[in-house]
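Welcome! Let's walk through this structure together, one question at a time.

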Amino acid sequence: MRYAALVISMFCLVQPADASTAPEIDPRASLSVVQQWIYNYRAKPDYAHVPAAVRVLFHAQSFKEPENSGIYLGFIAGAIGSNPAQAEQLVTSLFPVPPEDEWVIVRAIAYSGLPDWRNLLRKVAPRMPGRRVMIDSYLAGSLSTLTDIPLEDAKPGMLDKLRGVFTKNPFAKDDKKLQLTFASNQDLLDTLWGYYFATGSHLPIQRIMSMLPWSKSRDTVDKLTVGSMARYTLASYAVRDAGLREYLRSELAQQPAPIKAPLGEVIEAADTVQLGAVRKDALAAVEELKAKGSDARRNLDFWGQVGVGAVALGCVSAAALGQVAVGIPCVIGGSASQGLLSFWEKQQ
């Protein structure tokens with residue numbers, strides 16, 4: 001009760017989303033209070049104060065580094081998608097938005113899962129003329145929504161490879177497009193967790209479970225890192241979330257073998273509160289990669305990645321266990337993506 005009163009006082013009793021008035025930021029509202037509020041939101045949704053919470057996030061420059069802000073982006077997207085009848089009102093109430101943060105609104109709408117998200121994006125587009133290219137890209141489908149992002153790049157089959165040999169111009173330059181995948185973008189895992197916090201939906205949890213086989217992968221360091229993060233964060237949150245623990249247990253029997261094995265380990269770690277074992281296993285996997293190399297390739301490029309992966313998993317375990325002060329350089333796949341685990345550490 002005292003915590004609820006604190007949150008209300010810090011959000012200044014902001015009125016529900018209203019296009020005519022933007023909620024003021026209470027200078028006493030700290031990012032840590034908003035983080036705790038976000039983590040507990042799914043248990044008791046407080047839709048009226050979402051605009052105030054988001055404004056604190058903007059004020060705290062939480063989106064300054066996009067790769068570290070996935071959890072907040074996912075929460076905003078989930079809040080928009082959780083109430084289709086009031087989605088437009090909520091989005092409108094978030095303005096004015098700092099120009100450098102307008103991308104958050106665009107992507108949150110596209111990631112919201114609303115059936116009519118395109119029309120909502122078109123309606124608010126005039127408020128963000130500087131993001132016209134990004135908006136048009138989502139509307140045209142050249143940028144993927146959260147549900148359309150593939151787990152990993154599709155591997156061409158033998159027929160595709162043969163077809164390419166006979167049809168590709170050998171003198172043409174490769175036209176490589178940036179392909180967003182969960183395997184190569186760790187911040188997308190953060191985004192799924194943020195969406196879960198806003199909605200309590202099991203759809204993002206299912207997506208996270210589909211990454212669990214990568215925790216056993218010896219193909220690439222990226223997949224091993226993302227899979228290990230998925231495994232560790234599932235166990236970490238399930239320790240304190242009885243509903244999540246029960247859902248994971250209910251899913252175990254019907255999952256295919258590649259998911260069932262690591263999911264069983266997640267459930268056991270959560271039931272017995274033995275997160276250290278999950279962490280040790282992840283670090284041991286990296287050591288094995290260093291000793292034996294990749295199953296798919298054994299070249300110098302790979303060995304360069306192994307060092308990054310080892311640092312990444314060391315950083316993952318330190319941050320998640322509340323040991324950020326040890327000063328381990330946090331590098332994940334070449335980026336400084338620590339949004340989810342920094343957030344998790346705040347909830348201890």
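Q: Is Asp-136 buried, partly exposed or exposed?
A: Buried means under 20% relative accessible area, exposed over 50%, and partly exposed in between, with a 1.4 Å probe and protein chains only. Asp-136 has a relative accessible area of 35%, so Asp-136 counts as partly exposed.

Q: Which residue does Asp-136 meet in a salt bridge?
A: First, some background: this is a predicted model, where local features need pLDDT of at least 70, side-chain atom pairs count only at pLDDT 80 or more, and totals for chains, interfaces and linings use all residues. Residues are numbered from 1 along each chain as its sequence is written, and side-chain values use heavy atoms, leaving out hydrogens and water. A salt bridge is a side-chain nitrogen of Lys or Arg within 4 Å of a carboxyl oxygen of Asp or Glu. At 2.9 Å, N to O, the partner of Asp-136 is Arg-132.

Q: In which helix do Arg-132 and Asp-136 lie?
A: Helices here are DSSP runs (H or I, at least four residues), numbered from the N terminus. Arg-132 and Asp-136 are four residues apart, about one turn of the helix, and both belong to H8.

Q: How many residues apart in sequence are the parts tied together by Asp-281 and Lys-216?
A: The closest N and O atoms of the salt bridge between Asp-281 and Lys-216 are 3.9 Å apart. Asp-281 lies in helix H15 (residues 275-292), while Lys-216 lies in the loop between helix H11 (203-209) and H12, so the pair ties together parts separated in sequence by 65 residues.

Q: What is the distance between the closest N and O atoms of Glu-246 and Arg-249?
A: Both residues lie in helix H13, three residues apart, about one turn of the helix. Glu-246 is partly exposed at 49% relative accessibility, and Arg-249 is partly exposed at 32%. Their salt bridge has its closest N and O atoms apart by 2.6 Å.

Q: Which residues do salt bridges that share partners join into one network?
A: The structure holds 11 salt bridges. Those that share partners join into one network Lys-216, Arg-231, Glu-265 and Asp-281.

Q: Within what arc do the buried residues of H7 fall, seen down its axis?
A: In helix H7 (residues 117-124), the buried residues are Trp-117, Leu-120, Leu-121 and Val-124. They line one face of the helix, because the arc, taken from the directions from the helix axis to the C-beta atoms, is one of 100°.

Terms used
Helices (H or I, at least four residues) and strands (E, at least two) are DSSP runs, numbered from the N terminus.
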